[in-house]
Amino acid sequence: MTKWNGTILGPPHSNHENRIYSLLIECGPSYPDQPPKVKFVSKVNLPCVDSQTGEVIREKFHTLRDWKRSYTMETVLLELRKEMATPANKKLLQPQEGTIF
């Protein structure tokens, strides 16, 4: 099982509140030693997400950049949700709800 669907509920008190974000997670042959590839299906405006493809940019997202073997897909999803709730990101204007990459 290498391909997974993920879901993130937008954090409260942010521009993500009441939104449901869909993601694709692909674990390569070196997982869990290497991080999975993570891509948003739902459009989102975050500095760590490529605005054209929806891919989470490894170098810009600490959980993927500083990957540990003990991390799970749940870790990735929870940390992305935390990233949405940071003061710098929670007020970013978001694409219209329901749009996809």
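Which residues form one aromatic cluster? I looked this up in a predicted model, where local features need pLDDT of at least 70, side-chain atom pairs count only at pLDDT 80 or more, and totals for chains, interfaces and linings use all residues. Residues are numbered from 1 along each chain as its sequence is written, and side-chain values use heavy atoms, with hydrogens and water left out.

**Aromatic entry.** I found the cluster: Y31, W67 and Y71. I took rings of Phe, Tyr and Trp (its six-membered ring) as paired if their centres lie within 6.5 Å; planes under 30 degrees apart are stacked, over 60 edge-to-face, the rest tilted. The structure holds three such pairs. Y31 and W67 make a tilted one, at 6.2 Å centre to centre and 45 degrees between the planes. Y31 sits in the loop between β2 (20-26) and β3 (37-40), W67 in the loop between α1 (62-65) and α2 (73-84), so this pair ties together parts 36 residues apart in sequence. Helices (H or I, at least four residues) and strands (E, at least two) are DSSP runs, numbered from the N terminus. W67 also pairs with Y71, edge-to-face, at 5.4 Å and 85 degrees.

**Burial entry.** I used relative accessible area (buried under 20%, exposed over 50%, partly exposed in between; 1.4 Å probe, protein chains only). W67 is buried at 12%. Y31 is partly exposed at 24%.
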